[in-house]
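I opened my notebook and looked up a few places in the chain. Here is what I wrote down.

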Amino acid sequence: RKPRAAARSLCGPESLGKDLIVLVGRMHVVVVGGGVAGVVCAQELLARGAPHTRVTLIAPSHSVKMVCAIERISDHIETFSVEERDAEEFAAAYPGRLVSIRGSVRAVEERHVVLSEGQRIPFDRLCLCTGAIPKQLGNPNARILSIRDTESIASVRDAVASANTVCVVGNGGIALELAHELKGIRLIWAIRHDSIGTNFFDADSAAFLLPRRGCVPGPEDRASVAAYVRRIPAGALESIQKGFTGGSATSGCAIGPAWKRVLHGDVDGVKEQCEAPPAHVDILYNCEVQDIHVDESAASNAVSISLHDGRKITCDILINAIGVNPISDIVKGICDVHSDGGIIVDARMQTSKRYIFAAGDCCHVDLQRSLFFERDDKAPFELDGNGEYWFQMRLWSQARAMGRHAAHCILNIEDQTMSSSVFDLFAHTTSFFGTKCVFMGLFSASRAGHDASALVRETRGSEYVKVVLRDGRMCGAVLLGAS
């Protein structure tokens, strides 16, 4: 009896010969993108594929993002760092099997990718890990900046160094980090919600986080404050989640830990000394930007921002942090694309073209969709648990997991490696305002449903733990601070 994964790979509308490439191990995979998803996908293909499996990695930069210092906290939670490495050095580690090409893909044709210079590269399988780009707010220039890569972070660092007033527009992960990391300036933070960080926090948990900005209580603080437990009934939980986006597929930012080191001048492990005090922050709630005017001749307050309620803000630098758009133009008209711009993939990271896969920020995962593959008994391919407690946010942790899973699906080994367990549970750990944060499952009422309730334990200034309940069973949790 053939292994289930191998038997499934021989089903579908295409010829048998192309699938035999996978079975005998003579396969050429083109991976587009040098970010976390693309590099992890290439590494897994080379580590787990047959000796004759070849990979071509196409990236627009001379460097690629490598995951390192992985620390597993639980079955679903891990921390890691991201470092930039030279793409040629990465390829040299796999002589004869990995080719690195610096360039951009102009189009995808039948079993070929076409580079911007016109070169055509054939493939047996294609994995798109093209990432996402920041949404635009006004015309980008020296005073209107976005954070995307190392170069843009350096531009923000240099611009802020000579600024007195900086305005950050947005309410996602980048904006939260900037509100904590920027030093020695006046910071105006404009958000369109009535609480901070609505991708991650409701008003209740945000109220715990705000007083901690700029200082992290030590063990003595925890001992000096009595803890208490309270229950939030279903109706009240829904009301405090008003405006909570809960990690919709169009929000969230693929930000890794390394960008903050660059912001503070920590390059190659050498950190510039900065004794500046935390920024003074003015938070403007429930506001949206209507117009931006830049006076290039002004030495200060060169940026004038008009809000929808008639208010005006002046600042030296405007940092755009309103979210990202998936990069999917090269396959529009070839693969199905979601309304959010993401390339639609199923639980096997497979697009509507059977030989094209996608992973990371560029894709939109639809776990209810089974595009081509079937099991031995002809039943549709389904996940154990149907991904009930997982949802997509454009985070580096998810990009890493998707890139790994995509490689295993290309090799048809996902049943053996159980890589689809990435969809069992949403789990993410990070740090906001110097506070360790862990998010698991359906941690928001908008995801858990209108009948969800919550139990909260809070030690003011030290810890905040929220357990979300549905039908009396835990379906999500938020852990902040020394929890």
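Where is the place of M349? I found M349 in the loop between β21 (343-345) and β22 (356-358). Helices (H or I, at least four residues) and strands (E, at least two) are DSSP runs, numbered from the N terminus.

**Ground rules.** This is a predicted model, in which local features need pLDDT of at least 70, side-chain atom pairs count only at pLDDT 80 or more, and totals for chains, interfaces and linings use all residues. Residues are numbered from 1 along each chain as its sequence is written, and side-chain values use heavy atoms, with hydrogens and water left out.

I looked up phi for M349: it is positive, about 60°, although M349 is not a glycine. Is M349 buried or exposed? M349 counts as buried, because its relative accessibility is 0%. Buried means under 20% relative accessible area, exposed over 50%, and partly exposed in between (1.4 Å probe, protein chains only).

Next I turned to F433. F433 sits in the loop between β24 (427-432) and β25 (435-441). F433 is not a glycine either, and its phi is positive, near 55°. With a relative accessible area of 1%, F433 is buried.

**Helix α11.** I checked the length of α11 (residues 396-410). The expected span of a helix is 1.5 Å times one less than its number of residues. For the 15 residues of α11 that should give 21 Å, and the end C-alpha atoms are 21 Å apart, which agrees. I noted that 13 of the 15 residues of α11 are buried, so the helix is largely enclosed by the rest of the structure. Just after α11, N412 has a positive phi of about 60°.

**Strands β26 and β27.** Five of the seven residues of β26 (residues 453-459) are buried, so this strand is largely enclosed by the rest of the structure. How many bridges join β26 to β27? I found seven, and β26 and β27 (residues 463-470) run antiparallel. Two strands pair if DSSP finds at least two bridges between them. E458 has Y464 in β27 as its bridge partner. The hairpin of β26 and β27 has three residues between the strands, and there G461 takes a positive phi near 80°.

**Confidence.** pLDDT is the predictor's confidence in each residue, from 0 to 100. Its mean over the chain is 81, and 77% of the residues reach 70 or more. Over residues 243-255 the pLDDT is below 50, yet this stretch has 51 contacts in the model beyond near neighbours in sequence. Contact means heavy atoms within 4.5 Å. Where pLDDT is low, the predicted coordinates should not be read in detail.
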